[in-house]
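I opened this notebook to keep a record of what I looked up, entry by entry, with the criteria written beside each term.

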Amino acid sequence: MALRLENKVSIVTGAASPRSIGYATARRFVAEGAAVMLTDIREAEVQEAAKSIGGSTRAMLHDVADEASWRDMVAGTLEAFGKIDILINNAGLFLVKPVLDCTVEDFERLVGVNLRGTFLGVREVFGAMRRQGTGGAIVNVSSIAGFVGTPDVSIYTATKGGVRMFTKAVALEGAPHGIRCNSVHPGGTDTDMIRSFVQGQAEEGKGDPHYNPMGRLGTPDEIANCILFLASDEASYVTGTELLADGGITAR
């Protein structure tokens, strides 16, 4: 049976931590035959991640909020692998702070990574895919925060809602060129970032803000499976849509 991403080249951002959606996605992609460029702002860690995953992987230092860094990373990927078929915009920041305590610096930092970073990635890779003329798949990792509000995470919610709608607009621009663009919206997932948030909420007596009908956090591998589907040719007629993976919380 053919591998689902055989002969495909993918970029996965935010892939340094072994307990992250980016790392799980890169590992899943390699298992399905893809060559993967892992990127992260933590250079030593992302290099170690690529080494740990093995297969056709490379790693680069990459700041998703920086325009020049995106251009260098895309050029590096093309030099290493010769093409780009898939982009997974996964890198993100999370902030827990009541809106009255938020600063302009907080806002700009989250918008820079979560929203500007997604925009820059789409723009640079979309251009490369257009020049190749063979289409491609872009998956933007958003959140259930793009659908529902959560107290004390207002800026994060704003950025993830922006990612959701940006994805739809890009899908319409990409469709005539065979470039699909979709978003994945995880609920509470057992990553380093979210685990600390859930523990903090519990310590403050606020309960689990990611409670859902399934009664547990998701795993990075479960989200990676959703990303894999949207990135693969199995989703060849799917663009401009959202895949919710939240244990049913938004079904309420």
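**Salt bridges**

I began with arginine 164, which at 22% relative accessibility counts as partly exposed (buried means under 20% relative accessible area, exposed over 50%, partly exposed in between, with a 1.4 Å probe and protein chains only). I noted that this is a predicted model, in which local features need pLDDT of at least 70 and side-chain atom pairs count only at pLDDT 80 or more, while totals for chains, interfaces and linings use all residues. I also noted that residues are numbered from 1 along each chain as its sequence is written, and that side-chain values use heavy atoms, with hydrogens and water left out.

I then looked for the partner of arginine 164 and found a salt bridge with glutamate 242, the closest N and O atoms being 2.9 Å apart (a salt bridge is a side-chain nitrogen of Lys or Arg within 4 Å of a carboxyl oxygen of Asp or Glu). This pair links distant parts of the chain, since glutamate 242 belongs to strand β7 and arginine 164 to helix α5, 78 residues apart (helices, H or I of at least four residues, and strands, E of at least two, are DSSP runs numbered from the N terminus). Glutamate 242 is likewise partly exposed, at 22% relative accessibility.

Arginine 42 meets aspartate 40 through their side chains at 3.3 Å, N to O; arginine 42 is partly exposed with a relative accessible area of 39%, whereas aspartate 40 is buried at 7%. Aspartate 85 bridges to lysine 83, with the closest N and O atoms 3.2 Å apart; here aspartate 85 counts as buried at 9% relative accessibility, and lysine 83 is partly exposed at 28%.

**Sheet and helices**

I traced an open sheet of 7 strands, with parallel pairing, in the order β3-β2-β1-β4-β5-β6-β7 (two strands pair if DSSP finds at least two bridges between them). The edges are β3 (57-61) and β7 (242-245), each of which has a single partner strand, so one side of each is left without a neighbour in the sheet. The twist from one strand to the next averages 15 degrees (axes are lines fitted to C-alpha atoms, for helices over the stretch in contact, and angles run from 0 to 180 degrees between N-to-C directions).

I checked the pairing of β6 (residues 179-186) with β7 and found that 4 bridges join these parallel strands, with proline 186 standing opposite alanine 245 in β7. Helix α3 (residues 67-81) packs on the sheet and touches β1 (9-13), β2 (35-40), β3 and β4 (86-89), its direction making about 155 degrees with that of β2 (contact means heavy atoms within 4.5 Å). Helix α4 (residues 104-132) lies across β1, β4, β5 and β6, and runs at about 180 degrees to β4.

**Helix α1**

How many residues of helix α1 (residues 21-31) are buried? I found 8 of its 11 residues buried, which leaves the helix mostly covered; among them are Ile21, Tyr23, Phe29 and Val30. Just after α1, glycine 33 takes a positive phi of about 100 degrees.
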